[in-house]
Amino acid sequence: MMQQEEWESLTPEQKKRELYLEQKYTLDTFLEHHAITKAQYDKSLGDLTAKMGFGKAG
C-alpha cells in the first residue's frame, strides 16, 4: 500500500494505473482462495480493464 505522500505525488494517469493494479490484485486473491470462479475472474478483469481504458494496448 502506498503512503499518502507518495500517492499525492502521482499524476492522474499514474493514480488510475495504481488503482487498476490494486483491483486486479484483489481479483487475483479472490481467485487464488477460490472465492470466485475462473469465469467470474475473467469477466470481472475484462470489465475492469475495459472500464478503466486499459484495453489490449494498455
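I began with D42, which forms a salt bridge with K38; the closest N and O atoms are 2.7 Å apart. I note that the model is a predicted one. D42 and K38 are four residues apart in helix α3, so about one helical turn separates them. I looked up the accessibility of D42 and found 40%, which means partly exposed.

I then asked how many salt bridges the structure holds. The count is three.

I took K43 and D47 next. Their side chains meet in a salt bridge, with 2.7 Å from N to O. This pair also lies in helix α3, and I put the separation at about one helical turn because K43 and D47 are four residues apart. K43 has 53% relative accessibility and so counts as exposed, whereas D47, at 32%, counts as partly exposed.

D28 is partly exposed at 28% relative accessibility, and K24 is partly exposed with a relative accessible area of 25%.

**Core**

I listed the largest nonpolar core: it has eight residues, namely Y20, L27, I36, Y41, L45, L48, M52 and F54. Which elements give two or more residues to this core? They are α2 and α3. Helix α3 gives the most, with three residues. I recall that nonpolar side chains tend to be buried together in soluble globular proteins.

I checked what F54 touches, leaving out residues up to four places away in sequence. The list is E13, K16, R17, Y20 and T49. Of these, I had already written down Y20 as a member of the core together with F54.

**Loop**

I looked at H34, which is found in the loop between α2 (12–32) and α3. Its phi is near 60°, a positive value in a residue other than glycine. Most residues other than glycine have a negative phi. Is H34 buried or exposed? I found 71% relative accessibility, over the 50% cut-off, so H34 counts as exposed.

**Confidence**

I ended with pLDDT. The chain mean is 92, and 93% of the residues reach 70 or more.

How values were computed:
Residues are numbered from 1 along each chain as its sequence is written. This is a predicted model: local features need pLDDT of at least 70, side-chain atom pairs count only at pLDDT 80 or more; totals for chains, interfaces and linings use all residues. Side-chain values use heavy atoms; hydrogens and water are left out. pLDDT is the predictor's confidence in each residue, from 0 to 100. Buried means under 20% relative accessible area, exposed over 50%, partly exposed in between (1.4 Å probe, protein chains only). A nonpolar core is a set of buried Ala, Val, Leu, Ile, Met, Phe, Trp, Tyr and Cys residues joined through side-chain atoms within 4.5 Å. Contact means heavy atoms within 4.5 Å. A salt bridge is a side-chain nitrogen of Lys or Arg within 4 Å of a carboxyl oxygen of Asp or Glu.
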